[in-house]
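Student: Could you walk me through how to read a structure like this one? I would like the general idea first and then the case at hand.

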Amino acid sequence: MKDKNNKEKLKSLRKQREAFVKNAREHIKISTRLFKKIKAEIKDKAMTIPEIAKAIEEPSSQVLIYVSGLKKFGMAVEKEKDGDYFKYQLVAKN
Amino acid sequence: MNSRKKLNFDTVVIGGGIAGLQTAIDLGDQGFKVAIIEKDATIGGTMIRLSKVFPTLDCASCITTPKMSEAAHHDNITLFTMCTLNALDKESNKVTASITQQPRYLDPDKCIGCRQCEYNCPVYVLDEEQGDLTLRKAAYIPFSNAIPQLALIDVENCSLCGKCAKVCPTDAIDYFQEPEDFIIEARTAVVTTGFNMTPADQKKEYGQGKIENVITALQMERILAPHGPYMRALRPSDGKEPESIAFIQCAGSRDKSLGVSYCSRVCCMYAIKQCMLLSGSLPLADLTIYYMDIRAFGKGYEQFYQNAKAMGIEFVKSKIASISQGADQSVALKYEAQEEGGKLATREHDLVVLSLGIVPEWDPTGICDIAKDTDQFIQCKMPKIAPTITSIEGMFTAGVASGPKDIVDTIAESGAAAMEAGNYMKHYH
């Protein structure tokens, strides 16, 4: 990191933007926890959103948002359909 | 001492949606120097966020992107994105716009749009560009065809972890960037500030935004877009491919209780368009439009409506009494069936789309003395013969800033605004 964003300056900026930083860290905490749970479920087998939601005990609407996020950033892919639902699986490198 | 940067142009265009772009291109082509002031991180307005347009079903992006690109590369047009308009004054022959450049937290001259900051950012938040149906990062480019292709940092969600600065190959990240005020002086101004939708949680009868699988028409536009959140039509509660989808018309307009007594003009047609697109992607789905009356006023619109009926889209003349949560995450509609003697009926659908009302995006109060009409849109001094002329000489308007209208009318009006502004500069300067 170059001088303009050096450690000391960043430290004081973090203090100045304390509420924002706290908010962001909360987002990181929630998403890391959810991603970890979802990834563990769909690592070796493709699953539908309701199946993932049931397995990790999280609301299916929330699971869909995170799975679509995984897809968007290239970490998961859509697989075959099971009834009215598509299945999703983690891509191999993740 | 006032040390604010001062820039001079022939015309300042407020808003970089399709109306602003068309106005700027038409003026730029005539040799006038134009500044476009846009509040978002990208130009393109609402149109670039749509899936397709009615009644031709052309891809919205295929029409808008070339206009965005043309404006961005035009020798006579300068884009100012992420800008807040603080004041717009007209004195004698001069328009003065006082503007604040909001920080992107990176140097726009150094950013090459490589997205390394985005890929390495650890913060995931809801993506408003995708109707909050998927995630984006705190460091991001709004969407793949955004212009300019520059990243920005959402400071309210930035943990200041420093990762983006570490990976940026051009050392563009600047966490300390501050807002910067500047002034644009011009000979004319064109207000093309577009529209917003009425809030989805406004009506108690419609569940105040708390019922699962009740979405807005703009969310449906994203679902139908090729680069949408799911890349196919799914219901947001659990990813089910919906078997039954309903559209509720006049869900925010023609309703005095909401203060929107006027017709929003485009909802009938975009609901029909969305049904047609859905019938292509979900051929077995039941599609129903609950309407008060269908307003198909433009060229080819009536045929479009008749085609929709012939395709099997059901039109139910009704007034929706209430929306509630049905069984298995479905949505229950209670309505007065007007063609069945006004009897009360109930039906359940997998997904319900609200055609919300159109309201002005920009309120000039305290910023500009331009007159508003009773509907709060910019007042046209001569709505029949010169709809782009406002209450202030040398200040013009185009598009939905002066009232709801479709893309065809918006583009035609933008050409007229450019012509009026050009004539004004020719005759009075």
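Tutor: Let's start with exposure: a residue is buried under 20% relative accessible area, exposed over 50% and partly exposed in between, using a 1.4 Å probe and protein chains only. Here Asp293(B), at a relative accessible area of 27%, is partly exposed. Two notes before we go on. This is a predicted model, where local features need pLDDT of at least 70 and side-chain atom pairs count only at pLDDT 80 or more, while totals for chains, interfaces and linings use all residues. Residues are numbered from 1 along each chain as its sequence is written, chains are lettered from A and ligands numbered from 1 in the order in which they are written, and side-chain values use heavy atoms, leaving out hydrogens and water.

Student: Which residue forms a salt bridge with Asp293(B)?

Tutor: In general, side chains of opposite charge can pair when their charged atoms come close. The rule for a salt bridge asks for a side-chain nitrogen of Lys or Arg within 4 Å of a carboxyl oxygen of Asp or Glu. The partner of Asp293(B) is Arg295(B), with the closest N and O atoms 3.0 Å apart. Arg295(B) counts as partly exposed, at 33% relative accessibility.

Student: How many salt bridges are there over all chains?

Tutor: The count comes to 33. One of them pairs Lys94(B) with Glu185(B) at 3.4 Å, N to O. This pair links distant parts of the chain, 91 residues apart: Lys94(B) sits in strand E8 (residues 94–101) and Glu185(B) in strand E13 (residues 180–186) of chain B. Strands (E, at least two residues) and helices (H or I, at least four) are DSSP runs, numbered from the N terminus. Lys94(B) is partly exposed at 36%, whereas Glu185(B) is buried at 14%.

Student: How should I read the interface of chain B and chain A?

Tutor: The size of an interface is often given as the accessible area lost when the parts come together. Buried area is that loss with a 1.4 Å probe, summed over both parts. Chain B and chain A bury about 3500 Å² between them, 58% of it on carbon and sulfur atoms. Tyr124(B), Leu160(B) and Phe176(B) supply 19% of the area that chain B buries against chain A, more than any other three residues. Counting contacts (heavy atoms within 4.5 Å), 46 residues of chain B meet 37 residues of chain A.

Student: How many salt bridges does the rule find across the interface of chain B and chain A?

Tutor: It finds 4. In one salt bridge, the side chains of Lys72(A) and Asp127(B) meet at 2.8 Å, N to O. Asp84(A) also forms a salt bridge with Lys240(B), with the closest N and O atoms 4.0 Å apart.

Student: Why does the pair of Asp84(A) and Lys240(B) join two chains?

Tutor: Asp84(A) lies in the loop between strands E2 (76–82) and E3 of chain A, and Lys240(B) in the loop between helix H5 (217–224) and strand E17 (244–248) of chain B, so the pair joins two chains. Asp84(A) is partly exposed at 26%, while Lys240(B) is buried at 11%.

Student: What about helix length?

Tutor: The expected span is 1.5 Å times one less than the number of residues. Helix H8 of chain B (residues 407–428) has 22 residues and should span 32 Å; its end C-alpha atoms are 31 Å apart, which agrees.

Note on methods
Buried area = accessible area lost by both parts, 1.4 Å probe.
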